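Here is a friendly walk through one structure, with an eye on how its parts meet. Have the viewer open as you read.

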Number of protein chains: 2
Amino acid sequence: MGATKTEHFTDKQNTIATLAKALGHPARIAIVEYLIKVDTCICGDIVNELPLAQPTVSQHLKELKNTGLIKGSIEGNAICYCINEKAIEKLQTYFANISTKLTKKKENCC
Amino acid sequence: MGATKTEHFTDKQNTIATLAKALGHPARIAIVEYLIKVDTCICGDIVNELPLAQPTVSQHLKELKNTGLIKGSIEGNAICYCINEKAIEKLQTYFANISTKLTKKKENCC
DNA sequence: AATCTTTATCGTAATATTGCAATATTAAAT
DNA sequence: ATTTAATATTGCAATATTACGATAAAGATT
């Protein structure tokens, strides 16, 4: 035990959960926010932006990349990371949808 | 080590990360979706809706409650759970905001 | 070629999460 | 008062996550 039982849930549920999980750490939120702030892909100084050791940052970047939230391409001896807009859009759409459903909710609630 | 270093990040970053983390499991996504689907707070059969043992579900519900994503009130010998719209709204607003920022992005990107 | 810079990987320790059986709790029903 | 039903808590095993020092890899600079 200890491993998530993904097989019992729908693909969509697993996808959203995976994306949410990837953003479930303040460092990774900070990375995503930084990439949006700099508004470009010419990066290479993400480590200096975070209050964590370089291997830790590298690990968080890897995780964001694995879930598809960011993209990275080699650019000389630096690596150019940037947001994957499609992944963010998935989350945006998801929460917009359930938010809409909630506003249509009857008032028979606590 | 092993514990998240929340103290180095902003309150907002920690808040969003906590909410995202709570939704970072398909079972908890399924619970939230179910609560939205039934469109009411008269609950009491969440356990039967999920492919997990009762203690496991109870644990997931506790986690959602701790992060403020759902509310629960005792109603006889059943417990009435429902969505906390404000928490969902926080996420919705957050992703809508960064999504907007992304569309305004220059095209100097990979 | 030797060195510097940047990022990744390995190894490891500390902590957290997931899942469930067993048990407890609490209120309703008999 | 006993039983039933619904949910919570405890205890524990398996696994995952977080963090970082040490080291490796690879292109840039000198």
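Which handedness does the crossing of α2(A) and α1(B) have? The crossing is right-handed. Please keep in mind throughout that this is a predicted model.

## Where α2(A) meets α1(B)

On the α2(A) side you will find Pro26(A), Ile29(A) and Ala30(A), which meet Gln13(B), Asn14(B), Ile16(B) and Ala17(B) of α1(B). Sorted by class, the residues of this contact are five nonpolar and two polar, with no charged ones.

## The two chains together

Stepping back to the whole interface, 44 residues of chain B are in contact with 44 residues of chain A. On the chain B side, the elements giving two or more residues are α1 (11–22), α2 (26–38), β1 (70–75), β2 (78–83) and α5 (85–103). The largest share of that side comes from α5(B), with eleven residues. By class, the side of chain B that touches chain A holds 23 nonpolar, twelve polar and nine charged residues.

## The α5 pair

Now turn to helix α5 of chain A, residues 85–103, and its partner α5(B). These helices pack at an angle of about 140°, and their axes are 8 Å apart. α5(A) and α5(B) are therefore oblique to each other. Their crossing is left-handed, while that of α2(A) and α1(B) is right-handed.

## A closer look at Ile88(B)

Is Ile88(B) buried or exposed? This residue of helix α5 of chain B counts as buried, because it has 21 C-beta neighbours inside 10 Å.

Leaving aside residues up to four places away in sequence, Ile88(B) touches Phe95(A), Ile98(A), Ser99(A) and Leu102(A), along with Ile83(B). Another pair to look at is Ile88(B) and Gly68(B): they are 20 residues apart in sequence, and their C-alpha atoms are 9.4 Å apart in space.

## Around the DNA strands

Let's finish with the DNA, starting with strand C. There are 28 residues around DNA strand C, and those that come nearest are Gly2(A), Gly44(A), Pro55(A), Gly2(B) and Pro55(B). Elements giving two or more residues to this surface are α4 (54–66) and β2 (78–83) of chain A, together with α4 (54–66) of chain B. Helix α4(A) provides the largest share, six residues. The surface near DNA strand C has twelve nonpolar, 14 polar and two charged residues.

Around DNA strand D there are 27 residues, of which Gly2(A), Pro55(A), Gly76(A), Gly2(B) and Pro55(B) come nearest. Here the elements that give two or more residues are α4 of chain A, with α4 and β2 of chain B. The most comes from α4(B), with five residues. By class, the surface near DNA strand D has twelve nonpolar, 13 polar and two charged residues.

Conventions. Residues are numbered from 1 along each chain as its sequence is written. Chains are lettered from A and ligands numbered from 1 in the order in which they are written. This is a predicted model: local features need pLDDT of at least 70, side-chain atom pairs count only at pLDDT 80 or more; totals for chains, interfaces and linings use all residues. Two residues are in contact if their C-beta atoms, placed from the backbone, lie within 7 Å. Helices (H or I, at least four residues) and strands (E, at least two) are DSSP runs, numbered from the N terminus. Ala, Val, Leu, Ile, Met, Phe, Trp, Tyr, Cys and Pro count as nonpolar, Asp, Glu, Lys and Arg as charged, and the others, Gly among them, as polar. Axes are lines fitted to C-alpha atoms, for helices over the stretch in contact, and angles run from 0 to 180 degrees between N-to-C directions. Angles under 35 degrees count as roughly parallel, over 145 as roughly antiparallel, 65 to 115 as roughly perpendicular and the rest as oblique. A crossing is left-handed if the near helix is turned anticlockwise from the far one by less than a right angle, and right-handed if clockwise. A residue is near a molecule or strand if its C-beta atom, placed from the backbone, lies within 6 Å of it. A residue is buried if 20 or more other C-beta atoms lie within 10 Å of its own, exposed if 12 or fewer, and partly exposed in between; C-beta atoms are placed from the backbone.
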